[in-house]
Amino acid sequence: MDTLIRQFQALLGDNGVLTGADVSSREAAWGAGPCEAAAILRPRNTAEVAEILKICHGAGQPVVAQGGKTGLVQGCIASAQEIALSLERMNKIEDIDPASRTMTVEAGVPLQAVQEAAEAAGFSFPMDLGARGSATIGGNIATNAGGNRVIRHGMTRNLVLGIEAVTADGTVINSLSKVIKNNAAYDIKHLFIGSEGTLGIVTRAVLKLSPLLTSQNTVLAATDSFDKLTQLLNFMDRELGGQLSAFEVMWNSFYQLATNDLGTGKHSPMDRNYPYYILMESMGTDQEKEAERFENLLEQVFEQEMIVDAVIAKSHKERDELWQIRDNIESVVHWWPVFVFDISLPISNMNAYLLAMESGVRAKWPGANIAIFGHLGDGNLHLLIGVGEDTPELRHQVNEIVYGELAPLHGSLSAEHGIGLEKRNYLQYSRSPQEIALMRTIKAALDPTNILNPGKVLAPE
Ligand SMILES: Cc1cc2nc3c(=O)[nH]c(=O)nc-3n(C[C@H](O)[C@H](O)[C@H](O)COP(=O)(O)OP(=O)(O)OC[C@H]3O[C@@H](n4cnc5c(N)ncnc54)[C@H](O)[C@@H]3O)c2cc1C
């Protein structure tokens with residue numbers, strides 16, 4: 001390792017290579033302990049990333065890409081034998097092209113910086129998530145991140161036009177296309193989007209910009225049955241003509257937790273005993289007209305008994321307060337330890353799944369705490385499950401129930417966060433043997449010596 005580190009120091013300069021206390025003083029990942037990597041490398045450009053990978057490829061040295069380290073499945077955690085490659089110094093916004101409506105960036109730019117630069121240029125980059133200040137575009141691409149506006153704008157995959165990536169042997173693949181339509185054979189960027197640092201290091205990207213939306217209408221509504229939730233979603237999506245930008249649902253179990261009286265709860269603006277709460281938002285460009293239309297639609301859904309109660313946000317402050325309820329994950333501290341899940345399934349199978357999952361958990365742990373919320377419009381649910389303790393064996397038993405019940409209902413064990421280390425042993429619940437075999441073939445072709453984030457996503461055979 002010492003020889004390798006000297007090679008990296010010669011390539012990157014002293015500032016470009018962190019070792020010892022400079023490594024252990026950093027976090028391994030969001031909320032994890034100290035970083036244990038043998039060294040953290042901080043390249044300044046694509047050429048340096050390519051040289052690093054050539055050296056690592058030659059030496060069989062494993063490399064773990066690190067962006068903002070906000071991923072939640074331990075994908076960016078490097079062991080003491082591995083080298084961490086941080087994109088933190090590759091953080092330039094290189095170009096905004098108003099005619100093509102694109103932005104070209106280096107992979108280490110934080111998402112929030114991209115959003116702000118887009119807005120300053122009169123556009124928007126519509127992907128948004130809670131970790132926006134730290135999460136990087138490279139990490140968003142590597143995890144195909146979702147967030148709160150997927151229902152309208154899609155996942156990261158839908159927002160990236162081109163990519164530059166470096167493969168395991170140091171080859172630079174420049175696929176920095178600015179066009180939406182590019183059917184010139186295989187679309188290489190999709191190989192890297194969602195590959196969690198196992199197929200290449202993403203170094204630059206061309207992002208698709210959207211028109212800047214300046215108006216927002218937000219409501220917290222309540223309903224009394226799951227079927228009405230789906231009717232409401234279809235009605236509002238149709239009637240808002242493409243402006244529906246969020247359709248978040250909180251089951252009563254989560255709402256009670258998020259609005260508790262224990263000091264961590266947010267103020268509830270309505271009765272806390274409805275079975276389902278929906279946070280709906282539309283975005284557009286004409287506040288006055290759209291607010292009138294939005295309120296008119298809410299009257300209709302009330303008359304048609306799709307909802308039983310509603311509170312419309314009348315200011316930015318009120319809007320933020322409604323979102324704070326939805327985002328109040330911290331309130332789960334009262335149940336700690338809790339296992340957190342991020343799953344998806346066809347909305348038509350969702351209720352059946354939840355009944356089966358809940359009865360499976362309660363059969364083993366009758367007093368289990370279970371709370372449910374999520375981006376219902378995207379078929380994405382978050383489950384919080386507490387069974388009293390957190391041991392590897394208990395976690396495995398809960399995983400078996402949560403993921404096992406998904407398989408027959410065509411669900412996915414990862415809606416947004418990826419597989420990393422945490423879910424690799426359960427991949428077979430969402431992917432067929434043929435799909436997994438093809439993934440292994442692709443991995444072997446791009447990374448024959450298995451140096452890129454080894455052991456993540458695909459468990460060692
Ligand atoms: C409070 C909070 C809210 C969140 N909300 C959401 C949400 O709504 N939706 C959602 O999808 N996720 C969410 N996340 C998870 C996380 O923010 C995303 O997965 C994000 O895309 C990770 O970006 P990052 O830069 O932090 O990547 P990291 O955590 O550093 O890395 C994630 C993975 O990508 C790889 N990687 C990182 N950079 C590169 C690169 N340049 N090239 C190749 N591989 C790379 C890493 O090796 C690792 O496997 C949330 C996290 C937090 C803490």
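**View 1. The shell around the ligand, by residue class.** By class, 14 nonpolar, 18 polar and 4 charged residues make up the shell around the ligand (Ala, Val, Leu, Ile, Met, Phe, Trp, Tyr, Cys and Pro count as nonpolar, Asp, Glu, Lys and Arg as charged, and the others, Gly among them, as polar). Please keep in mind that this is a predicted model, where local features need pLDDT of at least 70, side-chain atom pairs count only at pLDDT 80 or more, and totals for chains, interfaces and linings use all residues. Residues are numbered from 1 along each chain as its sequence is written.

**View 2. Who comes nearest to the ligand.** Among the 36 residues around the ligand, the nearest are Gly67, Gly75, Gly138, Gly139 and Gly197 (a residue is near if its C-beta atom, placed from the backbone, lies within 6 Å). Strand 3 (63-66), helix 5 (137-143) and strand 10 (201-208) each give two or more residues to this shell, and helix 5 gives the most, with 5 residues. Helices (H or I, at least four residues) and strands (E, at least two) are DSSP runs, numbered from the N terminus.

**View 3. Domain 1 meets domain 2.** Domain 1 spans 2-86 and domain 2 spans 93-211, with bounds from an automatic or database domain assignment. Here 15 residues of domain 1 are in contact with 21 residues of domain 2 (C-beta atoms, placed from the backbone, within 7 Å). On the domain 1 side, helix 3 (46-59) and strand 3 each supply at least two residues; the largest share, 7 residues, comes from helix 3.

Note on methods: Two residues are in contact if their C-beta atoms, placed from the backbone, lie within 7 Å.
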